[in-house]
Amino acid sequence: MTESRPETRYASSGGVRIAYQVLGDGPRDLVFVMGWVSNLDHFWEEPSFARFLRRLASFSRLILFDKRGTGLSDRVVEHPTIEERMDDVRAVMDAVGSSRAALLGISEGAAMCILFAATYPERTSAVVIVEGYARRAWAPDYPWGVTADEQRRLLEEIEHGWGGVVGLEARAPALSADGEFRRWWAAYLRAAASPSAALAITRMNYEIDVRSALSSIRVPTIVLHRTEDRAIRVGCGRHLGETILGARYVELPGADHLPFVGDQNQILDEVELFLTGARPAPAHDRVLATVLNVEIVNAAESAARLGDQRWREIVDGFAAAARAEVARFRGRVASLGEGSCLATFDGPARGIRCASALLASVERLGVAARAGLHSGECEIAGGNVGGIAVHIASRVMDEADANDILVSSTVRDLVAGSGIAFEDRGPHPVRGIAREWRLLAVPHPAHHLAAPARDTASTAATDSESARLTRREREVAVLVALGLTNRQIAERLVLSGGTAERHVANILSKLGYHSRAQIAAWAVEHGLPGARAD
């Protein structure tokens, strides 16, 4: 069931209406100050952002707001100063009845939190700075800042590209190629600010310098910064940690600026420990699950052959299909790569049917995929999936040809009575595992070559004849009937030339034939879909 979103309300700050939301009922108030631009509604459109916020709300009463001029708050004619925006924090706290709160600032939001803590120490219980800075611009005594050339390039990108994925490469390199995330980011920016407002905010941020306020902070402070942050250099975080009296500085691995991208649990664990005094217990749940691994076959070769633009369309289409089909069959996407997907299901039959639907969707994109499934005990930790079952599912997929769905014998045993048909592929060694696993293939609707309905006697004869060939061999027989050469068959089915030749030789041997013409006649006689007489 989808979790409900918090209600949006408005506070008045100097005649300007500030949109805010509240969720959670923890023992401490925590004000979340997003950097650059924001839109409260769009926070919840991105699952990783929503999970980040709900985790914060699990140990606090979380207070969110859109700064004036952005998102759901009033748009203003004159762009506000940082002091005016800082006062919006006070107005929102008053509106929700919060006399004292911890402040969590992201990027430019950190400067607002610093100024608020120095100005209103009686209302600030703690400060949490994530990927933040005290000054934006480069200076001889601040070499980590943004240079004038870097600022100019960012302004030009906003001027000519607002409405698209402005700034994403620097802020979320881990997801910069993810089509779904790119679409969300572009929509988020459009809903957060107009192009003119975005330019004004970016220019204003370049002028920020709150270094003089750092020595006035007298509340507990933690500074968190990723070492390879591409948007705000790590020197900015180190400077804050060294300058704020008594601050705790934690440097984390990673290149993503947005805290909900990458390993968000590293950040969240540190924040929870700092604010509550206790690190959360590791959520290592061991559960029985069916693991599905799917990938586009020969991805590198396809990318080179199709070109960047067409390949990007295919990768985006694959990701969208994977998300949709996994959700439709009540699974959970554990990870999405460049043309690959790892998902888990609480039932193996749903995993198999998802694989069938996904491979059919991929075929419509003009490429081929393969899938492997295994059921076993998985370790679920912080949203990540691990354990030997994941490894075995990956190795099962490695044994699959294009358009194949291979499963381990464990999956076959667990779906007994489901009506799903299997084709025994025999025992296979699994790299890294001492024992062999018996693998089975599952015909799926897009490639299942069952004969059309005929009278009972004819059907029985056909079934007996067709049973001699594997599903892949029946596919090859159809292509032989269509007059394709071994090389053309290999290209059509995304096989090596040697594999296609071996399939043809196996067909000849099993049927007792000696020519391709006999294979073609057999395919037509037995009504294999797509075969035709010359």
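Contact here means heavy atoms within 4.5 Å. The model is predicted.

**Exercise 1. Find which strands helix α10 lies across, and state its angle to β7.**

Step 1. Locate the helix: α10 covers residues 264–276.
Step 2. List the strands under it: β3 (29–33), β5 (101–106), β6 (124–130), β7 (221–226) and β8.
Step 3. Take the direction: α10 runs at about 170 degrees to β7.

**Exercise 2. Give the strand order of the eight-stranded open sheet, and explain why one side of β1 and of β8 is left without a neighbour.**

Step 1. Reading across the sheet, the order is β1-β2-β4-β3-β5-β6-β7-β8, and the pairing is mixed.
Step 2. The strands at the edges are β1 (9–13) and β8 (248–252). Each has a single partner strand, so one side of each lacks a neighbour in the sheet.

**Exercise 3. Trace the pairing of β2 with β1 and with β4.**

Step 1. Strands of a sheet pair through backbone hydrogen bonds, in parallel or antiparallel fashion.
Step 2. Start with β1: five bridges join it to β2 (residues 16–23), and the two run antiparallel. S13 has V16 of β2 as its bridge partner, and S12 stands opposite R17.
Step 3. Look at the connection. β1 and β2 form a hairpin with two residues between them. In the turn, G14 has a positive phi of about 60 degrees.
Step 4. Move to β4 (residues 61–65), which is joined to β2 by four bridges, again antiparallel. Here L23 stands opposite L62.
Step 5. Check the burial of β2, counting a residue as buried under 20% relative accessible area. Six of the eight residues of β2 are buried, so by this cut-off the strand is mostly covered.

**Exercise 4. Describe the largest pocket by its volume and its lining.**

Step 1. The volume of the largest pocket is about 1400 Å³.
Step 2. Its lining has 42 residues, and those nearest the centre are E46, P47, S48, R323 and V333.
Step 3. Assign the lining to elements. Two or more residues come from each of α2 (47–57), α7 (179–192), α10, α12 (308–328) and β10 (332–337).
Step 4. Pick out the main contributor: α12 gives the most, with seven residues.

**Exercise 5. Summarise the protein chain as a whole.**

Step 1. The chain has 20 helices and 16 strands.
Step 2. Of its 534 residues, 53% are buried.
Step 3. Among contacts with a separation of 6 or more, 72% link residues 24 or more positions apart.

Definitions and conventions. Residues are numbered from 1 along each chain as its sequence is written. This is a predicted model: local features need pLDDT of at least 70, side-chain atom pairs count only at pLDDT 80 or more; totals for chains, interfaces and linings use all residues. Side-chain values use heavy atoms; hydrogens and water are left out. Two strands pair if DSSP finds at least two bridges between them. Axes are lines fitted to C-alpha atoms, for helices over the stretch in contact, and angles run from 0 to 180 degrees between N-to-C directions. Buried means under 20% relative accessible area, exposed over 50%, partly exposed in between (1.4 Å probe, protein chains only). On a 1 Å grid over the protein atoms alone, a cavity is a set of points where a 1.4 Å probe fits but cannot get out, and a pocket is an open set with protein on both sides within 12 Å along at least five of seven lines; lining residues have an atom within 4 Å of a point. Grid points are joined across faces, edges and corners, and a volume is the space filled by probe spheres set on the points.
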